[in-house]
Amino acid sequence: MDKTRKNGRGPRPERGDTARQGTLRLLAAVEAGATLDEAAAAIETLEPAARARARRLALEVLRRVERCDALLAPHLARRPRPEIMRVLRLATVELLALGEAPHGAVNAAVSLCRGLGGKGQAAAGMVNAVLRKVAASADAWAALPPQRLPDWMRGPIVSQWGEDVAIAIEAAQEAGAPLDLTPRSGDAPGETLPTGSHRLPSTTQISALAGYDGGDWWVQDAAAAMAVRVLNPRPGERIADLCAAPGGKTMQLAAAGAEVTALDISSSRLARVAENLERCRLKASLIAADALEWRPDAPLDAILLDAPCSATGTVRRHPELPLIRDGSALSGLVALQARLIDHALSILRPGGRLVFATCSLLPAEGEEQLAAALARNPGVTVEPAAAPGIEPGWLTPQGALRLRPDLWPDRGGMDGFFIACLRKSGAKS
């Protein structure tokens, strides 16, 4: 019997609960349509170290579901029940991707099956036999390609940049993402990247790093940090961050000395912004409001609009997204982005700057969105994206910044982002 609860959160942990059991609950929640963040309650009672390991294991499996199924299929007379398939995938990844000792990984998988009730116990022998064959299949595993992006994502990527880029993005998704930090000022742990971010291995324990307690830096992907660097905030400027949570860009603006107003439609998400600001000893005015309805007392000098989007650029960190989404929400997101751009321009002073950004790989949320915005707003121009570390190949013909997971392959890649700086007609500052 599959013990997963109908709400996708899994059974309450019992005494002896392990990280692997937590991983299975996370995978079940994703199969039910949840993101890993939404599924966090499934492992909330695990010890912190086990909770972290459960999430890491889930990420590794989700990056390789397709490869696991292809390798397992020849060894299965018929497809097992979902809860057994999760055990097989987890053990396959541990054996062939993570280099776990066969004896330990196979025995753990058999124990997990036996803990699933009568039907799990009945499947234990099959699981043992299949995984012993899997453990000897390293060459077959190595020959399998990385997990393929779904057609609704892959098609536009191939049309825009070609098959080779799509394959490289798929490889970047499987490789995962390192840990990037943005320093409040001065230095931070890790390798200094050309754009000013600092990079560490993904397994780094964040709270143990120097400067964490003092708020000397915050976690933020190097690509995400580029939006504020392109905006180039100056001390004393009145700037709004219209979709602020979780607050990384708000903190960048505040650290630059700007007078920042941070909006988010969600009060709970805005509370997280407040916590991050407090830890880093930075200040901003926080407003829970719909960005489409909010208007400042006076026109603003600059606006950062990191708009709601498909989040397809974050597949290295969120490999579950291609598995649980089908692209059906895209047209609504594109329409919302257009409304947000037009509203942001309406509350900007003449000569003011708007940076429009989406963590998307889809031209509909980037290049095409920008072209449509320029057509709707005569007099608005694109200022070529400029900031330290920008490589010429990252700039689009429009002058926007197009970042992709396959860039910086030797450094560990970056999230996919589209970033454009728009200048409203009128006197410049």
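This is a short tour of one protein chain, moving from the whole fold to a single residue.

Before you select anything, note that the model is predicted, that local features need pLDDT of at least 70 and side-chain atom pairs count only at pLDDT 80 or more, while totals for chains, interfaces and linings use all residues. Residues are numbered from 1 along each chain as its sequence is written, and side-chain values use heavy atoms, with hydrogens and water left out.

Start with the protein chain shown as a cartoon, where you can follow 15 helices and 12 strands (DSSP runs numbered from the N terminus, with H or I over at least four residues for helices and E over at least two for strands). The radius of gyration, taken over C-alpha atoms, is 23 Å, close to the 22 Å that the globule rule (2.2 Å times the number of residues to the power 0.38) gives for 429 residues, so the chain is as compact as a globular protein of that length. Seen along the principal axes, the C-alpha atoms fill a box of roughly 75 × 45 × 40 Å.

Next, select Cys359, which the UniProt annotation "active site" covers in an unreviewed entry; such annotations may be inferred rather than shown by experiment. Cys359 lies in the loop between β9 (348-358) and α15 (367-376). With a relative accessible area of 17%, Cys359 is buried (under 20%, using a 1.4 Å probe and protein chains only).

Finally, display the residues in contact with Cys359 (heavy atoms within 4.5 Å): leaving aside neighbours within four places in sequence, they are Asp306, Cys309, Ala311, Thr312, Gly313, Thr314, Gly416 and Phe417.

Note on methods:
Buried means under 20% relative accessible area, exposed over 50%, partly exposed in between (1.4 Å probe, protein chains only).
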